[in-house]
Number of protein chains: 2
Amino acid sequence: MTAATPKGERRRHALVEAAVALLAEGGLEAVRHRAVADRAGLPLASTTYYFTSLDDLVAAAVEHEGRTEIAAGRARLDELADERRTVEDVVELLLDLLLGVDSRDGGTEPVLLRYERLVGSPRRPYLAPLMRELTGELKDLLDEILARSGMPVDREQLDELIALVDGTVVNALIESGPDPRSAARRTLRRRLG
Amino acid sequence: MTAATPKGERRRHALVEAAVALLAEGGLEAVRHRAVADRAGLPLASTTYYFTSLDDLVAAAVEHEGRTEIAAGRARLDELADERRTVEDVVELLLDLLLGVDSRDGGTEPVLLRYERLVGSPRRPYLAPLMRELTGELKDLLDEILARSGMPVDREQLDELIALVDGTVVNALIESGPDPRSAARRTLRRRLG
DNA sequence: GAATTTCTGGTACGGTCGTGCAGGAATCGG
DNA sequence: CCGATTCCTGCACGACCGTACCAGAAATTC
């Protein structure tokens with residue numbers, strides 16, 4: 001299950017990477033044993049060999065992707081820590097973290113996938129605690145970003161800001177010519193600018 | 001397909017009712033040919049006879065339920081039109097309309113189902129326009145409620161208020177001891193009170 | 001009352017899915 | 001070199017799924 005040999009480790013990781021790719025393309029539902037195995041160029045049974053269940057595999061993929069993303073966001077923060085930041089820069093960073101960097105030009109799809117995953121989490125017991133943890137880390141990061149950019153917020157204000165963005169996105173997604181990132185950008189600028 | 005005889009009409013309607021019940025219990029995914037037929041006490045093939053596809057059936061169920069709900073909300077508005085309304089009354093009415101009346105005591109589940117449906121709509125071409133229409137009517141109703149309750153809002157403020165509630169709910173759903181209605185209530189009271 | 005349309009419901013087809021399992025392949029200790 | 005242990009995988013099973021089909025019953029129309 002947990003891979004004992006280096007080769008096993010590599011294969012296990014290849015499966016996770018494949019699952020991450022599928023996750024980004026088609027959401028939670030796209031992560032299937034057969035699809036992951038095909039994508040990784042490994043036999044079907046390897047998926048059940050390295051992961052006790054499909055849930056395990058999905059959770060590993062979500063965790064891997066979430067941690068990578070948060071690490072990237074933290075790097076962005078450190079990188080820009082000492083430069084002077086315009087409100088626009090901060091807003092874009094927040095948008096990258098809340099909607100995903102793929103929302104910059106990838107159209108509506110990546111944002112939709114992201115919020116499908118968010119709303120789909122409570123129903124999956126194996127995902128719920130993980131999502132809580134990742135969300136917590138994300139909040140810490142957002143808090144730090146705002147503080148270091150001269151717009152400190154308390155806990156309640158941060159929660160409200162996040163809620164405002166999430167709500168704006170969800171509502172923008174069901175419009176006819178959806179552009180959730182632009183909608184969220186307007187909301188954030190009005191609030192922070 | 002559209003039922004020509006009175007009996008056909010009745011059966012068709014029975015299928016829609018069954019679909020609505022399944023929708024309320026298990027969401028969009030729970031509306032299956034076999035489940036609907038069983039629930040309605042009708043043979044499997046009746047579902048494909050009265051509805052060209054499963055999408056048709058789901059759309060009919062969503063529309064039926066949405067219109068019923070909006071009509072109920074409008075009735076509530078008319079009923080309370082002339083009484084004096086406390087902010088609390090208005091907030092509860094808004095919560096009923098945005099989260100569903102089932103959120104009053106049904107726990108987290110009905111709210112989760114509602115937002116799963118909302119986020120799941122963009123991906124289903126047959127649902128997207130319908131949801132847009134229902135959302136539009138809901139907004140009109142909310143606007144009227146606020147106006148008649150002495151808290152008029154313009155279009156932008158209303159959108160922001162809705163976004164705030166939706167975002168609060170989505171974020172409350174992934175918490176450990178979720179109580180989305182209470183969270184949304186706090187948000188609304190802070191905003192309206 | 002015959003013809004035509006509307007409806008009924010049993011059945012089956014082709015597909016995807018998660019997962020269990022027997023046995024083949026690779027590795028390791030001696 | 002060989003037996004034992006671990007690692008790996010082809011295959012198939014059973015469960016659902018949407019939907020098509022068709023013989024016949026029932027209702028409606030002429």
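**Exercise 1.** In this predicted model, which side chain meets that of A:Glu133 in a salt bridge?

*Solution.* 
- Find the partner. The side chain of A:Arg67 forms the salt bridge with A:Glu133, at 2.7 Å from N to O.
- A:Glu133 belongs to helix α7 of chain A and A:Arg67 to helix α4 (residues 54–79) of chain A. The two residues are 66 residues apart, and the pair links distant parts of the chain.
- A:Glu133 has 41%, so A:Glu133 counts as partly exposed. A:Arg67 has 30%, so A:Arg67 is partly exposed.

**Exercise 2.** Find the salt bridge between A:Arg189 and A:Glu92 and state which helices it ties together.

*Solution.* 
- Take the distance. The closest N and O atoms of A:Arg189 and A:Glu92 are 4.0 Å apart.
- Locate the ends. A:Arg189 lies in helix α9 of chain A and A:Glu92 in helix α5 (residues 87–99) of chain A, so the pair joins parts 97 residues apart in sequence.
- Look for further partners. A:Arg189 and A:Glu92 are members of a salt-bridge network that also includes A:Arg76, A:Asp96, A:Arg104, A:Arg181 and A:Arg185.

**Exercise 3.** Describe the interface of chain A and chain B.

*Solution.* 
- Count the residues. Chain A gives 28 residues to the contact and chain B gives 28 residues.
- State the area. About 2,700 Å² is buried between the chains, with 58% of it from carbon and sulfur atoms. A:Val119, A:Arg123 and A:Ile174 supply 25% of the area that chain A buries against chain B, more than any other three residues.
- List the charged pairs. Eight salt bridges are found across the interface. One of them joins B:Glu109 to A:Arg123, with the closest N and O atoms 3.0 Å apart.
- Examine another pair. A:Glu160 and B:Arg190 meet at 2.5 Å, N to O. This pair runs from helix α8 of chain A to helix α9 (residues 180–192) of chain B. A:Glu160 is at 15% relative accessibility, so A:Glu160 counts as buried, while B:Arg190, at 42%, counts as partly exposed.

Definitions and conventions. Residues are numbered from 1 along each chain as its sequence is written. Chains are lettered from A and ligands numbered from 1 in the order in which they are written. This is a predicted model: local features need pLDDT of at least 70, side-chain atom pairs count only at pLDDT 80 or more; totals for chains, interfaces and linings use all residues. Side-chain values use heavy atoms; hydrogens and water are left out. Contact means heavy atoms within 4.5 Å. Buried area is the accessible area (1.4 Å probe) that two parts lose on being put together, summed over both. Helices (H or I, at least four residues) and strands (E, at least two) are DSSP runs, numbered from the N terminus. Buried means under 20% relative accessible area, exposed over 50%, partly exposed in between (1.4 Å probe, protein chains only).
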